[in-house]
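Subject: Structure for you, with notes

Hello,

Here is the structure I said I would pass on.

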Amino acid sequence: MDARDKQVLRSLRLELCAELLVEGLVIQYLYQEGILTESHMQEIRSQVTSHRKTMLLLDILPTRGPKAFETFLDSLQEFPWVRDKLEAKRNEVMLVALDDDEIPGIPRDALKSPPTDQQINKLARRLGPEWECIVLSLGLTQNDIYRCKVNHSYNIQSQIVSAFILWRQRFGNKATVESLCSGLKSGEVDSSVIQQMFQ
């Protein structure tokens, strides 16, 4: 799913949970179109409240490929006002979309420097499972990731921090904030996460 569409779902998360009943046509349509699997269906149905069912669906959708957002919009035939809200938000996000080479709030000279320990810590607090793909794109190996996991087996944040510090040590002058930002963008990390490293 496109990073902007993920941002739309995140920003409207509570409203969607309040207004949407996913139990009926919504999940049936998503299953029919191959966005949800049988196990996704069972997992969603097993949730006790409709609020939790919607939350789980919103957690699953961003992981289900490039067509997931459009198919989700198509599934909202019984909730046209929700669909309208999502489309309006999507247009709004596209209007304020950042230029690919510009990240407001980050000084240009900072882009050429390596990230500090503090910035890496801030980043680690905001990343989820996608951190592995990001460090691989930055040049670390599966073996490096395995070592970071073994060394910090009970703390995911420490695993992420140690992976980025290893990347900074190994690549020296090439391990800049700019190359880190490129890796984060390729991992579809929201630009607000990058900006928060500098706050």
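Predicted model: local features only at pLDDT ≥ 70, side-chain atom pairs only at ≥ 80, totals over all residues.

Residues are numbered from 1 along each chain as its sequence is written, and side-chain values use heavy atoms, with hydrogens and water left out.

Whole chain

The protein chain has 14 helices and 0 strands; here helices (H or I, at least four residues) and strands (E, at least two) are DSSP runs, numbered from the N terminus. The C-alpha trace spans about 55 × 40 × 25 Å along its principal axes. Of the 199 residues, 39% count as buried, where buried means under 20% relative accessible area, exposed over 50% and partly exposed in between, with a 1.4 Å probe and protein chains only. Among contacts with a separation of 6 or more, 70% come from residues 24 or more positions apart; contact means heavy atoms within 4.5 Å.

Cores

The largest nonpolar core has 28 residues, and Leu9, Leu57, Leu61, Phe72 and Leu86 touch the most other members. Helices H1 (3-11), H2 (13-19), H3 (25-32), H4 (38-45), H5 (50-60), H6 (68-74) and H7 (80-95) each supply at least two residues of this core. Apart from it lies another core, of 27 residues, including Ala124, Val161, Cys181 and Val189. A nonpolar core is a set of buried Ala, Val, Leu, Ile, Met, Phe, Trp, Tyr and Cys residues joined through side-chain atoms within 4.5 Å.

Leu86 is placed in helix H7. Its relative accessibility is 0%, so Leu86 counts as buried. Leaving aside neighbours within four places in sequence, Leu86 is in contact with Val8, Leu9, Leu12, Leu16, Phe69, Phe72, Leu73 and Leu76. One of these, Leu12, is 74 residues from Leu86 along the chain, and their C-alpha atoms are separated by 7.7 Å.

Val82 also has its place in H7. With a relative accessible area of 2%, Val82 is buried. Not counting residues up to four places away in sequence, Val82 touches Leu16, Glu19, Leu20 and Leu76. Between the C-alpha atoms of Val82 and Phe72, which are 10 residues apart along the chain, the separation is 11 Å.

Helix pairs

For the angles below, axes are lines fitted to C-alpha atoms, for helices over the stretch in contact, and angles run from 0 to 180 degrees between N-to-C directions. Angles under 35 degrees count as roughly parallel, over 145 as roughly antiparallel, 65 to 115 as roughly perpendicular and the rest as oblique. A crossing is left-handed if the near helix is turned anticlockwise from the far one by less than a right angle, and right-handed if clockwise. For residue classes, Ala, Val, Leu, Ile, Met, Phe, Trp, Tyr, Cys and Pro count as nonpolar, Asp, Glu, Lys and Arg as charged, and the others, Gly among them, as polar.

H3 and H4: these helices pack at an angle of about 165°, with their axes 10 Å apart. That makes H3 roughly antiparallel to H4. H3 passes H4 in a right-handed crossing. Ile27, Gln28 and Tyr31 of H3 make the contact with Glu38, Met41, Ile44 and Arg45 of H4. By class, this contact has 4 nonpolar, 1 polar and 2 charged residues.

H9 and H12: helix H9 (residues 117-126) packs with H12 at an angle of about 140°, their axes being 9 Å apart. The two are therefore oblique to each other. The crossing of H9 past H12 is right-handed. On H9 the contact is made by Asp117, Ile120, Asn121, Leu123, Ala124 and Arg125, and on H12 by Gln157, Ile160, Val161, Phe164, Ile165 and Arg168. The classes are 7 nonpolar, 2 polar and 3 charged residues.

H11 and H12: helix H11 (residues 142-151) and helix H12 (residues 156-171) pack at about 135°, with axes 9 Å apart. H11 is thus oblique to H12. H11 passes H12 in a right-handed crossing. The contact involves Asp144, Arg147, Cys148 and Lys149 of H11, and Gln159, Ser162, Ala163, Leu166 and Arg170 of H12. This contact has 3 nonpolar, 2 polar and 4 charged residues.

Regards
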